[in-house]
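The sequence and the structure should be kept in view throughout.

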Amino acid sequence: MSKVQSQSISIELKNPNGVKEGYEDYSGKLPSTTRKRLEKYGIDLSKGYPKRPNEIPLFLDDAYKIRNQVNPEYVERGIGADPEKKALFSGAKQVVNLTKYIGTEIIGLQLQDLNEKQLDELALLIAERVVVVFRDQDLSPQKHLEIGSYYGEVEVHPLTAQVLPGSTVVWDKFNRGGPLIEFQKGASGSYWHTDLDHEFSPAGITHLHLDSIPSVGGDTGYISGYAAFDKLSPSFQKFLEGKKAIHKSAHRYYKRDDLLAGPQHLEREHDLVVTHPVTGWKSLFVNPAHVVRIVGLERDESDLILKYLNDVFAKNLDIQVRINWQGSGPGEDGIIKPVSVLWDNRISQHVAIPDYNDSWEGSVRHAHRVTSLSIPTKFDPESKSQREALGLDKK
Ligand SMILES: [Fe+2]
């Protein structure tokens, strides 16, 4: 029998997500409206744009350490806000509900000008209506972050590109490194999801600000988790209440002691039915992109139930809204003014609709995203569903 000598092997690990640290040189490709906004608000583009963090974690244990606890300073801003939202609505020209169950547009207000009372009322409105739209905005990247910090700890992503720490760049030209595939065959083209639900404290309010808008297409779809819960029978609702589900991260990292296992997702457990702390309404907290299994069930049972729940979200158009970023179209200068959409991830799924082509100047979609993390949202057995609380079935 021959002796096997132990040998050391050195392996150079590359980030499994295929990203590079630091500045990228895409500033020359910025759409003109974005460039004007960044220059107006003093963003230095001389070193490049955008910038990824300098020390992107490679290992799962390092990624798990990021924000791995409840934020003791978190304040749920919508609690105690005026139910009539007088301070917010009094300054608006118009407040329009976009569908019966989800989505409201506020016309004639600048987010940049809102005071804390108005922001509290806006948090309440988002909790009730899930998604709120503001068009024709003039919003600095700095103020965007300030509003986000008011609503919670701003998520600073360990690897996505940013304009400022905590303001993620959403720009297909950069993120995809090429033109968008504007039409996909088959039934898998849509990617309904919830942002950052793998975090210990999942995303609360996300504020997406588009400063370059395609002349057609690039809409975003949203679905209400409250209404999805209300679509279920009372006995199925009871079965789901108290269950927990595992949510995986979008990005992957290596297991330090088992590199050969390959890149792995972070996984965290959250209540499957949650009670929103502001409205007190129950919501389904699942999505097809990140929720991998229901704890305590056999794999087949879990797969079947998750597929059904995700079908309830995707197939009921009465609980969805499709936000069109173009609004009334370009102004006299031919430019569509920036639009902000704020939504609550704890009670919704959303999808960016990939039906536009960003290969020419007038059709580039460029956005900054600021996400305010909440604290883990729990199920309250005493809480009610939206229809129950509002008495909608009695009318
Ligand atoms: Fe998203």
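Two strands are said to pair if DSSP finds at least two bridges between them. In this predicted model, strand β9 (residues 203–212) and β17 meet that condition, pairing in the antiparallel sense over 6 bridges. One of the contacts in this pairing involves His209, whose bridge partner in β17 is Ser340. Strand β17 also has β5 (residues 131–134) as an antiparallel partner, to which it is joined by 4 bridges. Here Val131 has Trp343 of β17 as its bridge partner.

How much of β17 is buried? For strand β17 (residues 339–344), 6 of the 6 residues are buried, so the strand is largely enclosed by the rest of the structure. In a regular strand the side chains alternate between the two faces of the sheet. Both faces of β17 are covered, with Val339, Val341 and Trp343 buried on one side and Ser340, Leu342 and Asp344 buried on the other.

Val131 leads on to the nonpolar core. In soluble globular proteins, nonpolar side chains tend to be buried together. The largest nonpolar core of this model has 59 residues, and Ala123, Ile126 and Val131 are those with the most contacts inside it. Helix α4 (residues 116–129) supplies the largest share of this core, 6 residues. Beyond its neighbours within four places in sequence, Val131 is in contact with Ile102, Gly103, Tyr222, Val321, Ile323, Val341 and Trp343.

Val130 belongs to the loop between α4 and β5. Although Val130 is not a glycine, its phi is positive, about 75°. Val130 is buried, because 29 other C-beta atoms lie within 10 Å, where 20 or more are required. Leu196, in the loop between α6 (172–175) and β9, likewise is a residue other than glycine with a positive phi, near 55°. Leu196 counts as buried with 20 C-beta neighbours inside 10 Å.

An α-helix has 3.6 residues a turn, so residues three or four places apart point the same way. After α1 comes Gly42, which has a positive phi near 70°.

In the loop between α1 and β2 (51–52) lies Pro50, which is joined to Tyr49 by a cis peptide bond with omega about -10°. Ala161 is buried, with 22 other C-beta atoms within 10 Å. Apart from neighbours within four places in sequence, its contacts are Glu24, Pro50, Lys51, Arg52, Val169 and Phe174.

A further sheet remains to be described. It is an open sheet of 3 strands in the order β12-β11-β15, with antiparallel pairing. Strands β12 (264–271) and β15 (291–294) stand at the edges, each with a single partner strand, so one side of each has no neighbour in the sheet. From one strand to the next, the twist averages 25°. Strand β11 (residues 244–253) is joined to β15 by 3 bridges, and Ala245 has Ile294 of β15 as its bridge partner.

Terms used. Residues are numbered from 1 along each chain as its sequence is written. This is a predicted model: local features need pLDDT of at least 70, side-chain atom pairs count only at pLDDT 80 or more; totals for chains, interfaces and linings use all residues. A nonpolar core is a set of buried Ala, Val, Leu, Ile, Met, Phe, Trp, Tyr and Cys residues joined through C-beta atoms within 7 Å. A residue is buried if 20 or more other C-beta atoms lie within 10 Å of its own, exposed if 12 or fewer, and partly exposed in between; C-beta atoms are placed from the backbone. Helices (H or I, at least four residues) and strands (E, at least two) are DSSP runs, numbered from the N terminus. Two residues are in contact if their C-beta atoms, placed from the backbone, lie within 7 Å. Axes are lines fitted to C-alpha atoms, for helices over the stretch in contact, and angles run from 0 to 180 degrees between N-to-C directions.
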